[in-house]
Amino acid sequence: MKGNRRHLPTVAWLALMAPVALALWAAGSGLESLLVPYYFRIILLSGIAVIAAVSLNIVNGFTGQFSIGHAGFMLVGAYASAGITMFARPFTESVLRSAHVPDVMLMPLQFAAAIAVAALAASIVGLLVGLPSLRLRGDYLAIATLGFGEGIRAIFVTVDAVGGASGLHNIPPLTSFVWVFLGVVGVIITARNLAASTHGRALFAIREDELAAQAVGIDTFRYKVLAFLISAAWAGVAGALLAHLDLGIDPRSYSFMKSVEIVVMVVLGGLGSVTGSVIAAVGLTWLPEILRPVAEYRMVFYSALLVLLMLLRPRGLFGRKELGLADLLGKKKTVPNANRKEGG
Amino acid sequence: MLGSIYALIALGYTMVYGVLRLINFAHGDVYMVGAFIGLYAWRYLGLPSEEGQAQVVSTAGLLLMMLIAMVGAAALGVLIERVAYRPLRRAPRLTALITAIGVSMLLEYGGQLVFGTTKQDYPWLAGTVPSSIGSAAGGSSGISIDRVDVIILVIAVLLVVVLQIIVHGTRPGKAMRAVAFDREAASLMGINTDTIIALTFIVGSAFAGAAGVLVGVRNHYVEPLMGLTAGIKAFVAAVVGGIGSIPGAALGGLIMGLSEEAVRAFYPELADAVVFGVLILILVLRPCGLIGSQTAEKV
């Protein structure tokens, strides 16, 4: 967190990531055919969990505001993206065709548009939620976000046009390894660069002491809303990816428990630690799967482990620290690799 | 009277929050365990039942069930406090919160293991058995008040009055308020804060246990996941009333219960949305809850 030596400039980042991305692009498609679909799915799920957890960390960890309605933003993103890939599909397709886009590119372009729309929709909702509720402090903010998360779900459930309580079905299977990978890289770069920027420093200042931050001239409300927006947008991306992986939206699975799951990842990894969030998100996605052999006891183990971990490491696995530069570079590349090892 | 049930659970949230500034997520599950303790007590201890009717419990039996459930829930509450929360007294608040969530999940999944995952029948309260089971929930047209609801309301009001007397009329109650006001100052004044916090958990959990039995008798079934939504809504009620305030929790519980039931009568699928709508509205208009203004937090 402190000192710039751990932060690479964006250009260097991109230069570094480009070959990695290309390699993984190839590896990803190979991976899909190599692995048992079950493991492949969990890899994708952990990637989506990483996106959700790192984005929530921007609000909960960087800014010190406590939001427990993240699943609500994911749900907004899920529905918004499904709207593009399902309902607006004939329209977008005709537009793309008239622009002489080759057929192969039709679906990826539409999905890219869907993800963008998901991010936009979620951030608009984030703005609508954030403007009134970010004036609240501490636990009251937490409850307001909880209320929003549950409320938005209840609203979607009552709208029959989007499937009502049974949710949406037959969403095209567009989420692939590459999309998830790009999302993961995107959210990590966003968080890391934010942390190193003036804006990020302002967020940290708010976290440390909101009154003091205000006293030195930081427009705390504006920065809190900003953090909320960025976080919501990435939650929307995670929602879009999840919807196109599950091939449907079941509003019940975006409940308060989902939000809590993400909060747990953030706190377990260490509030404010991006690497911590990444590792906790991957770990907590795999843990129930690893515990499958103990069948009905597995969720009991899961929750007992959670309590134990919190008792033994009250500040999360990493506290506020990030892994050092060398580990960090290695890790960025090995996050999906670690999955692959476990998966294979 | 869903409202009085919410109020009883909300009291536990509000009290624990008052002394620890901790949202005790496991509280809703203590309520669930309380309901099951009551059920098993009734099943295996042969509590007074209406003669000749196996599935009916008399009012005296209900009170005994409640008493046992309250003791059991209180014991569970203290155990949770001792094992999970006390070691984290000085840790960041979010850590304690996640631990609370972990304990809550542990109770839910553990509950599913111990009690089974299905709904279990709860005894009827004597005099409330409908002639044809199935039209239990007052299916007749117009306004009807069930006997169960009246009894629940009476018991709830009595409990709230008792609580008010404990908190405002006794020495431990005074100590409780002192700890809620400023824990360090209270301990400097010679108050054993650990004891008082444990006491808070005892009282709050006992109330949750009582609420569990009452809701069981009202709905005629209990299940291991019943604490989840009830817990969230009761917590919302506590916040609406102004968290940390006991009359606030009671009031908030009534408001949430009434608004939910009123909406459910007309637009059943919108009930939950309205509950949370009320929450956000009240938070925006009165950021400290209805009766919460006297507890300014930030120095």
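Biologist: Which residue meets B:Arg218 in a salt bridge?
Modeller: Heads-up, this is a predicted model: local features need pLDDT of at least 70, side-chain atom pairs count only at pLDDT 80 or more, totals for chains, interfaces and linings use all residues, and side-chain values use heavy atoms, with hydrogens and water left out. A salt bridge here is a side-chain nitrogen of Lys or Arg within 4 Å of a carboxyl oxygen of Asp or Glu. At 3.0 Å, N to O, the partner of B:Arg218 is B:Asp149.

Biologist: How far apart in sequence are the parts that B:Arg218 and B:Asp149 tie together?
Modeller: Residues are numbered from 1 along each chain as its sequence is written, while chains are lettered from A and ligands numbered from 1 in the order in which they are written. Helices (DSSP runs of H or I, at least four residues) and strands (runs of E, at least two) are numbered from the N terminus. B:Arg218 lies in helix H8 (residues 193–219) of chain B and B:Asp149 in helix H5 (residues 147–169) of chain B, so the pair ties together parts whose separation in sequence is 69 residues.

Biologist: Is B:Asp149 buried or exposed?
Modeller: Buried means under 20% relative accessible area, exposed means over 50%, and partly exposed is in between (1.4 Å probe, protein chains only). B:Arg218 is partly exposed at 22%. With 14% relative accessibility, B:Asp149 counts as buried.

Biologist: What separates B:Glu260 and B:Arg264 in helix H10 of chain B?
Modeller: Their side chains meet in a salt bridge of 2.9 Å, N to O. B:Glu260 is buried at 2% relative accessibility, whereas B:Arg264 is partly exposed at 38%. Because they are four residues apart in this helix (residues 246–266), what separates them is about one helical turn.

Biologist: How many salt bridges are there between chain A and chain B?
Modeller: Over all chains, the count comes to 14 salt bridges. B:Glu81, B:Arg86, B:Arg89 and B:Asp194 are linked in a network of them, and in chain A the side chains of A:Asp250 and A:Arg252 pair up at 3.2 Å, N to O. Between chain A and chain B, though, the count is zero.

Biologist: What share of the area buried between chain A and chain B do carbon and sulfur atoms give?
Modeller: Counting contacts as heavy atoms within 4.5 Å, chain A brings 37 residues and chain B 43 residues. Buried area is the accessible area (1.4 Å probe) that two parts lose on being put together, summed over both. That area is about 3400 Å², and the carbon and sulfur share is 84%.

Biologist: Which three residues supply 19% of the area that chain A buries against chain B?
Modeller: The area buried between the two chains is about 3400 Å². Supplying more of chain A's part than any other three residues are A:Asp139, A:Tyr140 and A:Ile143.

Biologist: Is A:Leu245 buried or exposed?
Modeller: A:Leu245 sits in helix H10 of chain A. Leaving out residues up to four places away in sequence, A:Leu245 touches A:Arg41, A:Leu44, A:Leu45, A:Ile48 and A:Thr175. Its relative accessibility is 16%, so A:Leu245 counts as buried.

Biologist: What is the phi of A:Leu247?
Modeller: A:Leu247 lies in the loop between H10 and strand S2 (248–249) of chain A. At 34% relative accessibility, A:Leu247 counts as partly exposed. Although A:Leu247 is not a glycine, its phi is positive, at about 60°.

Biologist: How many of the 14 residues of H11(A) are buried?
Modeller: The buried ones include A:Phe256, A:Ser259 and A:Val260. Helix H11 of chain A is largely enclosed by the rest of the structure, because the buried count is eleven.
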